Amino acid sequence: MATHHTKMLIIGSGPAGYTAAIYGARAMLAPIVVQGIQPGGQLTITTDVENYPGFADVIQGPWLMEQMQKQAEHVGTRTMWDTIVSVDLSGPPFRAIGDSGDEYIGETLVIATGAQAKWLGVPGEQELGGKGVSACATCDGFFYRGKKVAVIGGGNTAVEEALYLTNHSDDVTLIHRRDSLRSERILQERLFANPKITVLWNKAVSSFEGNPASGGLTHLALRDTVTGEASELHVDGAFVAIGHAPATELFKGKLPMDASGYLLVEPGTPKTAVPGVFACGDVMDHTYRQAVTAAGTGCMAALDAERFLSGLAIDVQGHAHAAATA
């Protein structure tokens, strides 16, 4: 088992983590990125990316994350193929233990563990992922211009995605397993007032049907949650919008979170309640959840970590402590 020391320890390797690493490395902090269970984050399961600035042509999500990793390593980041299983935030320095048994010690800690879309867990969902089934309308709605689409869910996310999709489609169906929505009243009013949206009440998706190898999604198999009656809905695209789950299990009881488990930060900053610990990307952002906004907060976290370190003295062992005042 090895021990790894760094001035900036980054947990997570999506756009937020790698951007923090790029800025940290350029500030000579020699950051370590512990990649986690899904190196590259959610973008590695996103195929076509059209909305990341700087690319005139469509790019592939996995390729973009590979480039971010190479850029971070090129400027001096060490990436570790490991998953953190426990953290000690009583520092600085902050300590994390990997699944490998290795120990990671950082003078600052940047949390970029991200969030994952919640899925229905029904047949066809994963097989048709990226081939008609998506969990992000703002990412993928553009590909369904003029086509028939459905959104599954009944909360704010589902209603917002249905409304957003009317920018691209004149035929949007919202499917909800109950007879009333959980979303905010103002969103419901906008939904019901939009002639492009139809609501199917008391319906659950039993399976996503189609051919992953050829045309992709063709229709949804539905079940009535009251009568049990089966039906079908023919659509070109379906968006699962039942919320996201932030990867914050490690930090329960150690950092403040909101009711959904997202890390709370000082407004307008990535600063958590523990000085020297910063959170960036989807782990603290349940509003925007885009690669470019995650990257932006990763930059902020690195800049704030650098400023935090500049206010500390470093002892002989390389550990940070509050600088003595004369």
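**Notebook: contacts, cores and overall shape**

I began with contacts (heavy atoms within 4.5 Å): residues 24 or more positions apart account for 59% of those in the protein with a separation of 6 or more. I keep in mind that this is a predicted model, where local features need pLDDT of at least 70, side-chain atom pairs count only at pLDDT 80 or more, and totals for chains, interfaces and linings use all residues. Residues are numbered from 1 along each chain as its sequence is written, and side-chain values use heavy atoms, with hydrogens and water left out.

Next I looked up the elements. I found 6 helices and 21 strands in the protein, taken as DSSP runs (H or I of at least four residues for helices, E of at least two for strands) and numbered from the N terminus. The radius of gyration, over C-alpha atoms, is 22 Å, close to the 20 Å of the globule rule (2.2 Å times the number of residues to the power 0.38) for 326 residues, so the protein is as compact as a globular protein of that length.

Then I turned to the inside. Buried residues (under 20% relative accessible area, 1.4 Å probe, protein chains only) make up 49% of the 326.

I looked for nonpolar cores, meaning sets of buried Ala, Val, Leu, Ile, Met, Phe, Trp, Tyr and Cys joined through side-chain atoms within 4.5 Å. The largest has 28 residues, and Met-8, Ile-10, Tyr-52 and Val-110 have the most contacts inside it. Its largest share, 7 residues, comes from α6.

Notes:
Buried means under 20% relative accessible area, exposed over 50%, partly exposed in between (1.4 Å probe, protein chains only).
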